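Subject: A structure for you to look at

Hello,

I am handing over a structure that I would like you to open beside this message. Please take your time with it, and then read on.

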Amino acid sequence: DPTANDGELCTLTRVNHAGSSVYIPIARSFDGTDWQRSEGKYVSYVSVSKCGEASSSGTGYVSGDYLCEIELPELSQDNDGYYIT
């Protein structure tokens, strides 16, 4: 389930430098809502769209699962990655 359940918070974060403990919020979902962009440095580079039920199955999901598509800025060599917590 790509969205948080009632009473839960899911956060998509980015770490810009390997070994850094600074996580930059990119998007969030809480209390069963669709994903939404988090205000900050990357807000203009992140797009959340196409939330809804999958019409067919694919890698990691099956028909009927509720999904959201999030477009993220490309990582550079110094970037550690994106994380969902």
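What follows goes through the sheet, the cysteines and the aromatic rings in turn.

Please keep in mind that this is a predicted model, in which local features need pLDDT of at least 70 and side-chain atom pairs count only at pLDDT 80 or more, while totals for chains, interfaces and linings use all residues. Residues are numbered from 1 along each chain as its sequence is written, and side-chain values use heavy atoms, with hydrogens and water left out.

To begin with the sheet, strands here are DSSP runs (E, at least two residues), numbered from the N terminus, and two of them pair if DSSP finds at least two bridges between them. Four strands form an open sheet in the order β3-β2-β1-β6, and their pairing is antiparallel. The edges are taken by β3 (36-37) and β6 (81-84), each of which has a single partner strand, so one side of each is left without a neighbour in the sheet. Within this sheet, β1 (residues 9-15) and β2 (residues 24-30) run antiparallel and are joined by six bridges, and R14 stands opposite I24 in β2.

Turning to the cysteines, a disulfide is counted when two cysteine sulfur atoms lie within 2.5 Å, and the structure holds one. It joins C51 to C68, with an S to S distance of 2.2 Å, and it links distant parts of the chain, since C51 is in strand β4 (residues 47-53) and C68 is in strand β5 (residues 66-71), 17 residues apart. The torsion about the S-S bond of C51 and C68 is about 120°, so this disulfide is right-handed.

How exposed or buried are these two residues? With buried meaning under 20% relative accessible area, exposed over 50% and partly exposed in between (1.4 Å probe, protein chains only), C51 is partly exposed at 28%, whereas C68 is buried at 17%. C10 is in no disulfide, and the nearest cysteine sulfur, that of C68, is 11 Å away; C10 counts as buried, at 18% relative accessibility.

Last come the aromatic rings, where rings of Phe, Tyr and Trp (its six-membered ring) pair if their centres lie within 6.5 Å, with planes under 30 degrees apart counted as stacked, over 60 as edge-to-face and the rest as tilted. A search of the whole structure finds one such pair: the rings of Y23 and Y83 have their centres 5.8 Å apart and their planes at 70°, so the pair is edge-to-face.
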